[in-house]
Amino acid sequence: MKKLSIYTITLAMLILGSCTKDYLDTEPMTELTSDSFYQNPGDAYDALVGCYDGMQIAVGASGLSFPIASEVLSDDCFGGTGNSDGFGYQMLDEFDVSRSPSDVDLYNDTWIKYYQAIFRCNTLLQKMDQIDWSGNEELQLTYESEARFIRAYLYFDLVRLFGQVPLLTEPSDENIPQSAPEEIYAVIAQDLLFASENMSSEPYTSVQAGRVTKWAAKSMLARVYLYYTGYYGASDLVGLVNQSSALAQLEDVIAQSGHGLVDDFSTLWPAASVENFEGENNKEIVFSIKFTYTSDYDGNTDGNHWMVMFGMREFDYYPFGRGWGVTVNPELYNLYEEGDARRAATIIAIDEDEIPFENQDKQREYTGYYNKKYSPMTDYDEDGNLGSVAEQLGALNFQIGQFQDYYVMRYADVLLMAAELGSSNAQQYFDEVRQRALGDNFVSLTANKTNIMKERHKEFAMEGIRYWDLLRQGVSTAASTLATSTTVLNGGVTTEKTISAGNIQTTEGLQQIPNTQITLSNNVLKQNTGW
């Protein structure tokens, strides 16, 4: 079901893989060094595979993955998990270190995996001039663009999570302090601009599925612009991208990329459509991170390890698979109006869908709602037994064998960002997204900022976007929106759930720097306020 060629562990992974020496964990582990390896375009391709693989591991198989954190931090999900589990996810959800004081390293594996992937990109980029590109100059630009996009993507995740992180643009084991956000965003913007200017202008269908395109770079540049200018209250993106140029990038994607909306929203998601699934390389996917079901515990980490967190707590019910129970806020279910196809495609509703869920006593912060977009899946085998689809395909187990791709950027986002940035076609773009969702129930709304942000909430719920959309409207707006006092069921017992706006204001929405990294840096790294 997957094309493994670009994501499998290769020689490049061995060259750029690591054994721990310092807090960035970037020491080569084989005798074949970067000086002797980078000789020809074939070597560069192998190293580029290593960059993709590093990104795949960082996003798919790190400890507290970015997609999971993004949802738990938002107003759409609670921490959930098991009623007898630790309270790390509640600490995360409530921005309250007192909820689990011993959890000082929730993001440590995430930090390590991101910097390992950045190291791979930096090594390839440093060695580009060492390679003989004679007759392959266009290929050189393509490979450099892909590596720079991946580096920009990784740093964008890190800087949003932590605010200030060490900025390395060359392979190094140097113990350096955190850089100011504007320095990090300058590298992100430069990398994305390079990719947007130096990759092929052919439609996305001319590029192997899963690889970076010019259109992905242009779309990400607009996303970075909107976040940076919103969160930091800046007039432009570090002097490199302004509103009109960000919009121009998106208009180019709309006009030339070949991307478009699929007709039926539900068919974007396997668990929402099953037999009618459009496939993970459909025309709406501008960029995704690819996963397969072949992960093991011996270093082959190409699976989507975080999806199991969204599954119903230890409960299978066709086509939904079991997991560890990050729960969905009922307010999200109630946000959708009747006739909006996105509600049923986004949320597993236990009572409304008459699912005989049996494990309320095992579930913390039970609400009756789970994530459908990224739900593990089950199917019946030839003997009529219900089991994990991943395991039926040959996965070692359902926990590390989930293989659904992570959609980083959809064409619907391109349309809504262009509308938000003031396109002359803003109303048309806004209407396109809403018409698909509402069908015969569609009634046009004015494409103003308020309505666009509300639409983004409904369109991208459960996709790791909502929290960052809130923060870019200002910390105070995010804090007041995230704050709540509601009731949930912990082990079947009604319990008050409180999230304080003050905690979010204090932390400015930023996350806890792993204590291990601070210690290994000899306190060169500084902890974020509130943690």
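Visitor: Which residues do ring pairs link into a cluster?

Guide: The model is predicted: local features need pLDDT of at least 70, side-chain atom pairs count only at pLDDT 80 or more, and totals for chains, interfaces and linings use all residues. Residues are numbered from 1 along each chain as its sequence is written, and side-chain values use heavy atoms, without hydrogens and water. Rings of Phe, Tyr and Trp (its six-membered ring) pair if their centres lie within 6.5 Å; planes under 30 degrees apart are stacked, over 60 edge-to-face, the rest tilted. The cluster holds Phe66, Phe95, Phe156, Tyr185, Tyr227, Tyr228, Tyr231, Tyr232, Tyr467 and Trp468.

Visitor: The charged end of which residue sits over the ring of Phe156?

Guide: A charge counts if NZ of Lys or CZ of Arg is within 6 Å of the ring centre and within 35 degrees of the ring normal. At Phe156 the distance to the centre is 3.8 Å. The residue is Arg160.

Visitor: Which residue in E8 stands opposite Ser288?

Guide: Strands pair if DSSP finds at least two bridges between them. E1 and E8 (residues 406-410) pair in the antiparallel sense over four bridges. Opposite Ser288 stands Tyr407.

Note on methods:
Helices (H or I, at least four residues) and strands (E, at least two) are DSSP runs, numbered from the N terminus.
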